Amino acid sequence: MKIARIAVPDLVSNSYFPAIAAVALDCFRKEGLDIRQEVIFPSSKTFEALRDGDVDFVAGPAHALLPVFPEWRGVKLLAALAQGMPWLLVMRSDLEATPGDVNAVKGRRIGAAPMVDLALKQLLVDAGIDLEADGVKFVEVPGARDPGASFGVAAAKALEVGALDGFWANAMGAENAVRSGAGQIILDVRRGLGPASAVHYTMSVLATSDRVIGADPELAASGLRAVLAAQQALRADIGLATLVGRELFPPAEAELIGAIIARDLPYYTPEISDEALSGMIRFAKMRGLLKGTPAREQIIAEGFSHLWEWQ
C-alpha cells in the first residue's frame, strides 16, 4: 500500500465533497493508496503544501493555485470535483433583500475567505457594483481560522449573532443560515441567481503537481480514479453522503449534508470544458492572478483525461 497525501481547505463542506468522500469511502485504498487527509486553510496554503511536496493532491478552487504556481506552471488539474463556481451569497433575513439582487451588498459587511472573496468581488464588479463607492466591506469571519473550523459553519454562526450582514461561502454555511432563520440566499450563480458570466470564474478541482506526475504517474492516475469512483458512488447512492458526514462532520452538519449533496449531484462530473477554462482564464486575468493565456495542455493533465470516461 503506497502512502499518499491530500489537502483540502475546508472539510465540512459540499465544495470538495467528492474528494472527501473518496477518503471516507475507501476509494483511495481500493486504488492501492493509504491516503492521509489534511485540512489546510486558506485555500492558497493547500497549494503551497503541494508546491513544497508536503502533499500529493489538492482538492480546492482552481484559481487559488495561481499565486503559488504563477502562470499555471508546475501544476495540473486532474479533474473537476464539481462543475461551476460553488459559493453562495447569504444576507441577513431582516434586510429583506431580493434573491438575485446584487445591490443587497451596498453598505454591508460581507464575510468571505481569502481567495474565495475574489470571486464575489469580480461578480459584483461585472454586475456594476463599485466596491468602494458603494461601501461594500469585506471582513474577517470570527472563528474561521480556529483549528478544525469550517468557514461556512463559522460564517453562519457569525451572521446569526449579527457580526456580519452577509457571507459568501459554501452551501453548508448557507443551509445553516437559512434553517436558523438568520439568512436568505441572494446569489447562487450555478442555479441562475446572479450573473451567468460568473458560473465559470473557477471550479472545485483535483490538482497535482508536475513533480508528482513526473515521478509517479500511476500515483496521479490512482488518485484520480479514486475521486471518479466517489463521484460515481454518490450519484448511484445519495445515502452515502450521510454516511460520510456521520464519519467526518459534527452531528448537525452530518444530518444536513445528504440533502445538500442531493442538490449538487448534477454538478459532480469530472470533465473540464474549454468554456470552463476560458471563463477561469478571463476571471484570473481580471483579478490580476494571470498575465498570459495558458494552453489547455498547460492547465489540464491531458494524459489522464481519458479516465473521465471511465465513469
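The model described here is a predicted one.

**Backbone features in loops**

- Glu71 has a phi near 55 degrees, which is a positive value in a residue other than glycine, and its place is in the loop between strand S3 (57-61) and strand S4 (75-82).
- Glu71 is buried, because its relative accessible area is 19% and the cut-off for buried is under 20%.
- Glu96 also has a positive phi, near 55 degrees, in a residue other than glycine, and Glu96 lies in the loop between strand S5 (88-92) and strand S6 (109-112).
- Glu96 is exposed, because its relative accessible area is 68%, and a residue counts as exposed when that value is over 50%.

**Helix H1 and the residue after it**

- Helix H1 (residues 17-24) has eight of its eight residues buried, so the helix is largely enclosed by the rest of the structure.
- The buried residues of H1 are Phe17, Pro18, Ala19, Ile20, Ala21, Ala22, Val23 and Ala24.
- Just after H1 comes Asp26 with a positive phi, at about 65 degrees.

**The largest nonpolar core**

- The largest nonpolar core holds 129 residues, and among these Phe17, Leu77, Leu123 and Trp168 touch the most other members.
- Helix H8 (residues 217-236) gives the most to this core, contributing 10 residues.
- In soluble globular proteins, nonpolar side chains tend to be buried together.

**Packing of H6 with H10**

- Helix H6 (residues 171-180) packs with helix H10 (residues 251-264) at an angle of about 115 degrees, and the axes of the two helices are 10 Å apart.
- That angle makes H6 roughly perpendicular to H10, because angles from 65 to 115 degrees are counted in this way.
- The crossing in which H6 passes H10 is right-handed.
- On the side of H6, the contact is made by Ala171, Met172, Glu175, Asn176 and Arg179, while H10 brings Glu253, Leu256, Ile257, Ile260 and Arg263.
- Sorted by type, the residues in the contact of H6 with H10 comprise five nonpolar, one polar and four charged.

Methods: Residues numbered from 1 in each chain as written. Predicted model: local features only at pLDDT ≥ 70, side-chain atom pairs only at ≥ 80, totals over all residues. Heavy atoms only, no water. Axes fitted to C-alpha atoms, helices over the stretch in contact; angles between N-to-C directions. Helix = DSSP H or I, 4+ residues; strand = E, 2+ residues; numbered from the N terminus. Parallel < 35°, antiparallel > 145°, perpendicular 65-115°, else oblique. Left-handed = near helix turned anticlockwise from the far one by under 90°. Contact = heavy atoms within 4.5 Å. Nonpolar A, V, L, I, M, F, W, Y, C, P; charged D, E, K, R; others polar. Buried < 20%, exposed > 50% of the residue type's maximum accessible area, 1.4 Å probe, protein only. Core = buried A, V, L, I, M, F, W, Y, C linked by side-chain atoms within 4.5 Å.
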